Amino acid sequence: ISYAKYLQEAILPPKSFLDHYIPENFIIYKPKDIVAGDFYWSEKVGDIFFVAVADSTGHGVPGALVSIVCCNALNRAVKEFKWNKSGEVLDKTSALVVETFDKSTSEIKDGMDISLLAIDFVNKKIFWSGANNPLWYINDKQLKVIKPNKQPIGKTDKIVPFVTHEIVYEANTTFYLF
């Protein structure tokens, strides 16, 4: 289990990577068990910096295994398939998770809830999408909430494309992903 924790932590981006692109940030990551389904993720592809917080189904070892599948699907969606709008990334990620678990002879409905922010520093644009997890942000001392799609990443009864919300790029805006 301790070695599994080491492997799971290897998929988490180093704090220095986040600090480079978002100097004023904080992370609270306290898994309930030694390994867990919760994870945070970030990647830089072209002009877009992605950052996400996710909660995979399951706890402990099962949750950790699902988090590896989901993290891999996020990486493939942005690196291999080159999606850059947050909704498109979640659509592709969900399809990849379903594809991975469809190889099983039993129906697996595991996946994750996620809040995904995509920052285009060059064009000064911010995009956000969520699967069951909202976005909170503070601008001009006001808390604003964007509601997520009410569906998970993974197999679901009714698949609807994830909405990409464009947020005005303004200095001193604080975003909270959870």
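Two rings of Phe, Tyr or Trp (for Trp, its six-membered ring) are called an aromatic pair here if their centres lie within 6.5 Å; planes under 30 degrees apart make the pair stacked, planes over 60 degrees apart make it edge-to-face, and the rest are tilted. With that rule, a search of the whole structure turns up 9 aromatic pairs.

Before we visit them, a word on the model. It is a predicted one, in which local features need pLDDT of at least 70 and side-chain atom pairs count only at pLDDT 80 or more, while totals for chains, interfaces and linings use all residues. Residue numbers run from 1 along each chain as its sequence is written, and side-chain values rest on heavy atoms, with hydrogens and water left out.

Let us start with F17 and F49. Their rings form a tilted pair, with 5.8 Å from centre to centre and 45 degrees between the planes. F17 sits in helix α2 (residues 15-21) and F49 in strand β2 (residues 48-56), so this pair ties together parts that are 32 residues apart in sequence. Helices and strands are DSSP runs numbered from the N terminus, helices being H or I with at least four residues and strands E with at least two. How exposed or buried are the two rings' residues? Buried means under 20% relative accessible area, exposed means over 50%, and partly exposed lies in between, using a 1.4 Å probe and protein chains only. F17 is partly exposed at 25% relative accessibility, whereas F49 is buried at 0%.

A second pair joins W136 and F178, this time edge-to-face, with 4.9 Å between centres and 75 degrees between planes. W136 belongs to strand β5 and F178 to the segment after β9 (174-177), so the pair links parts that are 42 residues apart in sequence. Both residues have some accessible surface: W136 counts as partly exposed at 37%, and F178 counts as partly exposed at 39%. Back at F17, ring pairs also connect F17, Y21 and F49 into a cluster.

Now turn to the helices. Helix α3 (residues 60-80) and helix α4 (residues 86-101) pack at about 130 degrees, with their axes 8 Å apart. Here an axis is a line fitted to C-alpha atoms, for helices over the stretch in contact, and angles between N-to-C directions run from 0 to 180 degrees. The two helices are therefore oblique to each other; angles under 35 degrees would count as roughly parallel, over 145 as roughly antiparallel, 65 to 115 as roughly perpendicular, and the rest are oblique. The crossing of α3 past α4 is right-handed, a label used if the near helix is turned clockwise from the far one by less than a right angle, with anticlockwise making it left-handed.

Which residues bring α3 and α4 together? On the α3 side they are V66, V69, C70, A73, L74, R76, A77 and V78, and they meet V89, K92, T93, L96, V97, E99, T100 and F101 of α4. Sorted by class, this contact has 11 nonpolar, 2 polar and 3 charged residues. In that scheme Ala, Val, Leu, Ile, Met, Phe, Trp, Tyr, Cys and Pro are nonpolar, Asp, Glu, Lys and Arg are charged, and the others, Gly among them, are polar.

T93 counts as buried, with 0% relative accessibility. Setting aside residues up to four places away in sequence, T93 touches C70, A73, L74, A77, M112 and I153, where contact means heavy atoms within 4.5 Å. S94, also found in helix α4, counts as buried at 11%.

Our next stop is the loop between β5 (135-139) and β6 (142-146), where D140 is found. Most residues other than glycine have a negative phi. D140, which is not a glycine, has a positive phi of about 50 degrees, and D140 is exposed at 64% relative accessible area. K141 is found in the loop between β5 and β6 as well. Phi of K141 is positive too, near 60 degrees, and K141 is exposed at 85%.

To finish, consider K125 in strand β4 (residues 125-131). K125 counts as partly exposed at 35% relative accessibility. K125 and I48 are 77 residues apart in sequence, and their C-alpha atoms are 9.4 Å apart in space.
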